[in-house]
Amino acid sequence: MIFVCYPKCTTCQKTKKWLTENGIAFEERNIKENNPTMEEIKEWHKMSGLPLNKFFNTSGLLYKELKLKDKLPDMSEDEKYNLLASDGVIVKRPILIGDGFVLVGFKEADWKAALGIK
């Protein structure tokens, strides 16, 4: 599994600790240093079953600076993919990519269900 995170993010730190405590093996990927490509985001979006807007870090500074709350409704899907691929800080994190699933943002109940943890 690949754990996509930003090491300075407290939610990512909490999630990494949770994964380790639950014995989940993962490869860590720093989203700031290794931003997802447009192709990766498209694949993750398809695998996640989530609306594309769920991939945006709505609490991030860049999201607010770019006024994306107002712009996203008028953007095409390709424009959104391009924007997400342009800078890792725009992408919601953490993301866990497993065999046949993608989890975006840490919700313990969802992660437990996807990972088969009781």
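Q: Is arginine 93 buried or exposed?
A: Start with the cut-offs: buried is under 20% relative accessible area, exposed is over 50%, and partly exposed lies in between (1.4 Å probe, protein chains only). Arginine 93 has a relative accessible area of 16%, so it is buried. This is a predicted model: local features need pLDDT of at least 70, side-chain atom pairs count only at pLDDT 80 or more, and totals for chains, interfaces and linings use all residues. Residues are numbered from 1 along each chain as its sequence is written, and side-chain values use heavy atoms, with hydrogens and water left out.

Q: Where does arginine 93 sit among the elements?
A: Elements are DSSP runs, numbered from the N terminus: helices are H or I with at least four residues, strands are E with at least two. Arginine 93 is in the loop between α5 and β3.

Q: Which residues is arginine 93 in contact with, leaving aside neighbours within four places in sequence?
A: Contact means heavy atoms within 4.5 Å. With those neighbours set aside, arginine 93 meets Val4, Cys5, Tyr6, Cys9, Cys12, Ile31, Asn57, Gly88 and Gly105. Take asparagine 57: it is 36 residues from arginine 93 along the chain, yet their C-alpha atoms are separated by 7.2 Å.

Q: Is the peptide bond from arginine 93 to proline 94 cis or trans?
A: Read omega. Here it is near 0°, and the bond is cis. Proline 94 is placed in the loop between α5 (77-86) and β3 (95-98).

Q: What is the phi of lysine 67?
A: About 55°, a positive value although lysine 67 is not a glycine. Lysine 67 belongs to the loop between α3 and α4 (68-71). Its relative accessible area is 52%, so lysine 67 is exposed.

Q: What secondary structure does the protein have?
A: Six helices and four strands. From the N terminus, the order is β-α-β-α-α-α-α-β-β-α.

Q: How does the radius of gyration of the protein agree with that of a compact globule?
A: The radius is taken over C-alpha atoms, and the globule rule is 2.2 Å times the number of residues to the power 0.38. For 118 residues, a compact globule would come near 13 Å; the protein has 14 Å, which agrees. Along the principal axes, the C-alpha atoms fill a box of roughly 40 × 25 × 25 Å.

Q: What share of the contacts with a separation of 6 or more joins residues 24 or more positions apart?
A: That share is 64%.

Q: Where does leucine 52 lie, and what does it touch?
A: Leucine 52 is in the loop between α2 (38-48) and α3 (61-65). It counts as buried because its relative accessibility is 7%. Not counting residues up to four places away, leucine 52 touches His45, Glu77, Lys80, Tyr81 and Leu84. Methionine 38 is 14 residues from leucine 52 in sequence and 12 Å away in space, C-alpha to C-alpha.

Q: Which element holds histidine 45?
A: Helix α2. At 14% relative accessibility, histidine 45 counts as buried. Beyond four places in sequence, histidine 45 is in contact with Leu50, Pro51, Leu52, Phe55, Glu77 and Tyr81. Threonine 58 is 13 residues from histidine 45 in sequence, and 17 Å away from C-alpha to C-alpha.

Q: What does asparagine 30 touch, not counting residues up to four places away in sequence?
A: Asparagine 30 touches Cys5, Tyr6 and Pro7. Asparagine 30 is placed in strand β2 (residues 27-30) and counts as buried, at 17% relative accessibility.

Q: What is the volume of the largest pocket?
A: On a 1 Å grid over the protein atoms alone, a pocket is an open set of points where a 1.4 Å probe fits, with protein on both sides within 12 Å along at least five of seven lines; lining residues have an atom within 4 Å of a point. Points join across faces, edges and corners, and volume is the space filled by probe spheres set on them. The largest pocket comes to about 380 Å³.

Q: Which residues lie nearest the centre of the largest pocket?
A: Lys92, Val104, Gly105, Phe106 and Lys107, out of 18 lining residues. The most comes from β4, with three residues.

Q: How does the lining of the largest pocket divide by class?
A: Ala, Val, Leu, Ile, Met, Phe, Trp, Tyr, Cys and Pro count as nonpolar, Asp, Glu, Lys and Arg as charged, and the others, Gly among them, as polar. The lining has eight nonpolar, five polar and five charged residues.
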